[in-house]
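My notes follow in the order in which I worked.

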Amino acid sequence: MPATFSRKFFSRSFGIHFARRLAQSTVLVVLLIVFNFFIIHIAPGDPVDYLAGQSGDQEYYDLIRAKFGLDQPFLTQLWVYLSSVLRGDLGYSLSHQQPVIDVILSRTPATLMLVIPAIAIATFSGIVLGVESARRQNSRFDRFVNAFALLGHSLPSFSIGMFLLLLLSLQFGLFPAQGATSANKELQGLGYAADFLLHLALPCLTLVIVQLAQILRIMRTEMIEVLNENYINAARAKGLGEERVLYIHALRGALIPVATIIGSDLGMLLSGAVLIETVFAYPGLGRLMLEAIAARDYPVLLGLLIITSVSVALANFVIDTIYPLLDPRIK
Amino acid sequence: MVGNELANNQNPLWTSIFWRLLRQDRQAAVSTVVLGIFLFAAIFAAFVSPLDPAKTTNDTFQPPSSQFLLGTDDLGRDVLSGIIYGAQTSIIFGVLVTLTSGLIGIAIGGIAGYAGGIVDDFLMRLTEFVLIPPRFFLALVMAALFGTSLFYLVIILSFTYWTTMARLVRAEVMSLKERSFVEAAKAGGSTPLRIFVFHILPNALPVIITQMMLTVGGVILLQAALDFIGIGDADRISWGSMLHNGQHFIRDGWWMVLFPSLALALLVLALNILGDTINFVLNPKTRSSQIDRAV
């Protein structure tokens, strides 16, 4: 596989594919910003409210009006907005007294600490459980996995979070209920790390359940489908061990659709993370969003929309790009 | 029952298959009952609800008891009554948004599939574009900017939810428009709109109905999430806003978050199972489907 991978990667057709995807994604990001501009202008009320946030004084509003050229022709305004966002200027948050991009970036690591382990754990266990339940179709194990997936898929992330909070934290006291660290303890080194991980456990577990339910069902259906293919029979006929057939041959065929799902699910995952954070008062982007809603800090909300949209576009770009490298059917 | 009449019909309609399946499939039968209970509670909320869900009393933080079956909240409001009226909110949003977004999706998918060429290209790029911003963040920002009256929120949620339907209808139309009965209608001089509505649409109904069924649950979750995060209309009684309020008092009254959460989970689970069953009956060739969730 590595040989094919690098051969494909350096091929001419891949270069063309890459360049085209890159161009498409760039256009997409520009359009996303244009779209944001349109919502600001279509929304009832003065656009300056949304560009400045609702706690400024007259002087500040005049400043913002001048900055975004709100007395200029429409296209000039669009250009000013587009070029400033593309430069990374998402506006200024009055409630934080900081540029929006800095506010968002300062809260992002906490959310990533939640999202990245959750994706890793959910993907890994989703693959293993999906393969095993496809292997034993209609067994008790399979039905249990299916029921779990259906349940996890129907419950909203914040409800799962609150169930876990009620049960594991408030009832049994196994985990701290809120925050990212214990504020009342002076901890250092390993103690601090342990405390941090304990706080991370429940929100992360919640996100894992949400994501695992998604991956499980797709993984199972894909595996069942792949296991009916001729090349699996061929592998078995060659006398390969069942584990090898399942985890090397079949998995490779089933993983490709799963990879695209992980990319398109990123938006859902980020939304889930933000909601879960508010359940556990975890200080990431979720708390930032709550504060922004309370303070009517529109630049922060709009900034979050742009950042999350661009992340999804980027994830799609990466997955679309590597897709032909993974799929053996594409030369 | 309707099922028996249809079963006697020489044309084995899908409704009859569905009824037969309900009798065999315990999950689907239970889900239908659960959905029925929620619908009944929502429609007859004024009669079923023991108390006025918005009325504050001095009985604050009462745990579940014979007087208050599911307890009371921080302002002494009855949780059970809130859940009954909340069902109204969830179902109204679920149904309205599903219908509106369904119509948008059918129109866009229909035009794209029927017209083909540049129009198709443009509309499909548009669909892909709308799919990029996470639904929750998009709906949240638009709700913050436009307001969260019933009208605006239905429009906003519909705007974020039409894409899947558009893709499905486009695919259906593209395969159906090559069929001989469409050719015949064309030769007979029918207008494209007439062909679409009377010849293509009826044949695309299985896909459309399944997708609508699966949209309701997703919309209900998204609307609840918006209320939960606190962007919704504070005066509107909904499970999301009960949870928004309840999570501040999770230590004082577990019933304030447990019961609205259970209601939400139960309704969406029932819709999900029924959607799966309907999908199985109507589109036997397609694989298992899932609600279009955003949160």
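Predicted model: local features only at pLDDT ≥ 70, side-chain atom pairs only at ≥ 80, totals over all residues.

H3(B) and H13(B) are oblique to each other, since their axes, taken for residues 26-43 and residues 255-282, cross at roughly 130 degrees and come within 8 Å. I noted the crossing of H3(B) and H13(B) as left-handed.

I then looked up which residues make this contact: H3(B) brings Gln27(B), Ala28(B), Ser31(B), Thr32(B), Val34(B), Leu35(B) and Phe38(B), while H13(B) brings Leu266(B), Leu267(B), Ala270(B), Leu271(B), Ile273(B), Leu274(B) and Thr277(B). Sorted by class, the contact of H3(B) with H13(B) holds 10 nonpolar and four polar residues, and no charged ones.

Next I turned to chain A, in which I found 14 helices and two strands. The C-alpha trace of chain A spans about 80 × 60 × 40 Å along its principal axes, and 37% of its 331 residues count as buried. Among the contacts in chain A with a separation of 6 or more, 72% join residues 24 or more positions apart.

Last, I looked up where the chains meet, and found 43 residues from chain A and 41 residues from chain B in the contact. On the side of chain A that touches chain B, the helices that each supply at least two residues include H2 (12-42), H9 (189-227) and H14 (298-326), and H14(A) gives the most, with nine residues. By class, I recorded that side of chain A as 31 nonpolar, 11 polar and one charged.

Note on methods. Residues numbered from 1 in each chain as written. Chains lettered and ligands numbered in written order. Contact = placed C-beta atoms within 7 Å. Helix = DSSP H or I, 4+ residues; strand = E, 2+ residues; numbered from the N terminus. Nonpolar A, V, L, I, M, F, W, Y, C, P; charged D, E, K, R; others polar. Axes fitted to C-alpha atoms, helices over the stretch in contact; angles between N-to-C directions. Parallel < 35°, antiparallel > 145°, perpendicular 65-115°, else oblique. Left-handed = near helix turned anticlockwise from the far one by under 90°. Buried ≥ 20, exposed ≤ 12 C-beta atoms within 10 Å, placed from the backbone.
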